[in-house]
Amino acid sequence: MEAITLAFAVAPGRDDLDLVERHRRGDPAAFDEVYARHGRMIYTLALRLAGDAEEAADLTQDVFLRVFRHLGGFRGRSSLKTWVYQVGLNQCRSRLGRRRPDQQPLAEEGAVGVAPLPDLGRGPEELALAADAGRRVGAALGLLPLAFREAVVLRDIEGLSYEEIAEVLGLRPGTVRSRIARGREQLRELLGGAT
């Protein structure tokens, strides 16, 4: 209980800078903490953009290698979370841009490395219908142009705010809103044509 109270006593921005300073001084636990905080979100982002669990794991490793190398240069102009997302998204763009076309399938729930989301309040028929809908949405999302897919994934799957997405993508918030709206509209069209 004391550790929880202590964690909330430090402002989030200060906590980020303290982690970075500890990393600069050579404290290996500082990087471990950065990974513990942000590793899952980067893996999820990579999985949603790459569509393959093995590729996502490789990308996650590459991202955190870059984070390790450049963490000392973090200056706190954004949150550490946003900075790590930027590194992750740039690494995904770089690697996937070389290896894959702009449109690619997304990983489905139940695929290797993708944990199914349990829903104990539904019966088997409802679960089957939901799984089918999830596959359709995942396939449609994979058909979106990368710029729209990134914005929609960051907002609707990762839950980032418009301002955080703007920082991650290096865009104005209005452009982010436009990409999300256009991506959602294209998703509706793709899903409407599939039903």
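This is a predicted model: local features need pLDDT of at least 70, side-chain atom pairs count only at pLDDT 80 or more; totals for chains, interfaces and linings use all residues.
**Close-up 1. Where α3 meets α7.** The axes of α3 (residues 28-50) and α7 (residues 146-157) come within 11 Å and cross at roughly 140°, so the pair counts as oblique. The handedness of this crossing is right-handed.

**Close-up 2. α3 against α4.** Helix α4 covers residues 53-70, and its axis sits 8 Å from that of α3, at an angle of about 140°. That makes these two helices oblique to each other as well, and the crossing is right-handed. On the α3 side the contact is made by Phe31, Val34, Tyr35, His38, Gly39, Ile42, Tyr43, Ala46, Leu47 and Ala50. From α4 come Ala53, Glu55, Ala56, Ala57, Leu59, Thr60, Val63, Phe64, Val67 and Phe68. The class tally for α3 with α4 is 16 nonpolar, 3 polar and 1 charged residues.

**Close-up 3. The kink in α3.** Helix α3 bends by about 50°, with the kink centred on His38. His38 also turns up among the α3 residues in contact with α4.

**Close-up 4. The two ends of α3.** At the start of the helix, Asp27 reaches in with a side-chain oxygen, to within 2.9 Å of the backbone nitrogen of Ala29. At the other end, α3 is followed by Gly51, which has a positive phi, near 80°.

Methods
Residues are numbered from 1 along each chain as its sequence is written. Side-chain values use heavy atoms; hydrogens and water are left out. Axes are lines fitted to C-alpha atoms, for helices over the stretch in contact, and angles run from 0 to 180 degrees between N-to-C directions. Helices (H or I, at least four residues) and strands (E, at least two) are DSSP runs, numbered from the N terminus. Angles under 35 degrees count as roughly parallel, over 145 as roughly antiparallel, 65 to 115 as roughly perpendicular and the rest as oblique. A crossing is left-handed if the near helix is turned anticlockwise from the far one by less than a right angle, and right-handed if clockwise. The bend at a residue is the angle between axes fitted to the seven residues ending there and the seven starting there. A polar contact is a pair of N or O atoms within 3.5 Å; within protein, one must be able to donate a hydrogen and the other to accept it, and residues adjacent in sequence count only if both atoms are side-chain atoms. Contact means heavy atoms within 4.5 Å. Ala, Val, Leu, Ile, Met, Phe, Trp, Tyr, Cys and Pro count as nonpolar, Asp, Glu, Lys and Arg as charged, and the others, Gly among them, as polar.
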